[in-house]
Amino acid sequence: MSQSTTNPVVNNFYQGITSESLYPVNSPWLEWIKTLLRSNKIVYAENKNGGSQLKLSVRYEANVLGLLKPMRLTRSQQTFPDHFYFVDLERHNAEIAAYHLDQLLDFRRAPPVVGRWINLTELWKISDHRLTRTFFKSPAENTCFHGTCDYYCRTETPICGHPHTVEVSIALYLPDSRHFPRSMTVHPYRRSYTKTSQESWIKDESYCRTKLMADQIYSTSRRKIYDITDLAIFDFLIGNMDRHHYEMFEDLGEDSFILHLDQGKAFGRHSTDELSILAPLTQCCKVRWKTWTVILNIVNNGGHLGDLLHDSLEEDLLSPVLLDDYYEALDRRLKLVVVAVQRCIANHDPKQVFDRTFQEQGKSVMKDSISQTSN
């Protein structure tokens, strides 16, 4: 399926992409796009190539493209303790919640995602031949399909309606890569995707200083290391260990932002906090000043990031999107992020910790914030 769209509103949204974010704070097109993704008729679907788990490319009647992920797990089912992060099932609701959190933290680097119900019997009728062949009626008379992917796309692991409908998340497609190409880079804190080996950053606390910052990609870039630590904070809050690559828009240059994509394996455990996700922050001690001020604003207004996310997600058709336990986990994890940043500030010159937007007026803000967050 062609990645291009002739929808004028979506094209206007794409034109708002800058080297800093996918969309501005007050994008006039964002709500229109989310409403369309929730309610406009889907007229075509096909299996999206690539990736380990099932994703569909869908086209709307309004000639808008979306990336669909179906419901695999119930809200209450956490990641099994014996499962490695790289074989965990993706969660459609994680994509929805992660988009809202990305916006709340003022990153604006994740494309809009909404939840909706779809009728699988209707989807069957509009799918291409390759996808259609995977649809069937189950012994319980439910409409099911399994698609094609590396994992969990078999008759034994189908997506089934009850009897016809199923929850899905749908993200707005990014601009056509033929006209707005993206580069893909191995994440410097990528985890091992085998059962036995570990990457060097896990075993070497000096990894950032001796390896990462010795690489000109990170040492000479105005923003890349701060984007890496932003992404670490984001992933820690949502519990995402599956960050193996990152993407950027090539035409915006080496100092463009890192996209926040593919958060389907987030929000898998609320009962534990995976501190190793914060390694880019704790090892490098590089923090974007804007990110720190956003966090401080949340902390100084009660510190209830979970409540903010809960309220934001109430707009979604699939609300409640998360269990309450995940909102409590967010508040707990935010406190751990604050502690990590304060430790960096205590051990290093703040001018070395924060990016160049940290100026003289930031010192008084920082002193006040340390005393307030320590109470």
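**Pocket and disulfides: a chat**

Mentor: Let's start with the lining of the largest pocket, which by class has 18 nonpolar, 15 polar and 13 charged residues. Keep in mind that this is a predicted model.

Trainee: Which residues of that lining lie nearest the centre of the largest pocket?

Mentor: Lys48, Lys55, Leu67, Glu247 and Asp262 do, out of 46 lining residues. Lys, Glu and Asp count as charged, while Leu counts as nonpolar. The pocket itself has a volume of about 1200 Å³.

Trainee: Which strand gives the most to the lining?

Mentor: That's E8, with four residues. Strand E8 covers 165-172, and among the other elements that supply at least two residues each are strand E1 (42-47) and helix H3 (92-104).

Trainee: On to the cysteines. What makes cysteine 144 and cysteine 160 a disulfide?

Mentor: Their sulfur atoms are 2.1 Å apart, and the cut-off is within 2.5 Å, so the pair counts. Cysteine 144 sits in strand E6 (residues 143-145) and cysteine 160 in strand E7 (residues 159-160), 16 residues apart.

Trainee: Why is cysteine 144 called buried?

Mentor: Its relative accessibility is 0%, and buried means under 20%, so cysteine 144 qualifies.

Trainee: And what class does cysteine 160 get, with a relative accessible area of 22%?

Mentor: Exposed needs over 50% and buried needs under 20%, so at 22% cysteine 160 is partly exposed.

Trainee: How do you know that cysteine 208 and cysteine 284 are joined?

Mentor: The S to S distance is 2.0 Å, which is within 2.5 Å, so they form a disulfide. The torsion about that S-S bond is about 115°, so the link is right-handed. Cysteine 208 lies in helix H7 and cysteine 284 in helix H10, so the pair ties together parts 76 residues apart in sequence.

Trainee: Are those two cysteines buried or exposed?

Mentor: Cysteine 208 has a relative accessible area of 3% and cysteine 284 has 11%. Each value is under 20%, so both are buried.

Trainee: What handedness does the link of cysteine 285 and cysteine 344 have?

Mentor: Left-handed, with -80° about the S-S bond.

Trainee: How many disulfides does a search of the whole structure find?

Mentor: Four. Counting bonded cysteines along the chain, the pattern is 1-4, 2-3, 5-6, 7-8.

Technical notes:
Residues numbered from 1 in each chain as written. Predicted model: local features only at pLDDT ≥ 70, side-chain atom pairs only at ≥ 80, totals over all residues. Heavy atoms only, no water. 1 Å grid on protein atoms, 1.4 Å probe; cavity = no way out; pocket = protein on both sides within 12 Å on 5 of 7 lines; lining within 4 Å. Points joined across faces, edges and corners; volume = space filled by probe spheres on them. Buried < 20%, exposed > 50% of the residue type's maximum accessible area, 1.4 Å probe, protein only.
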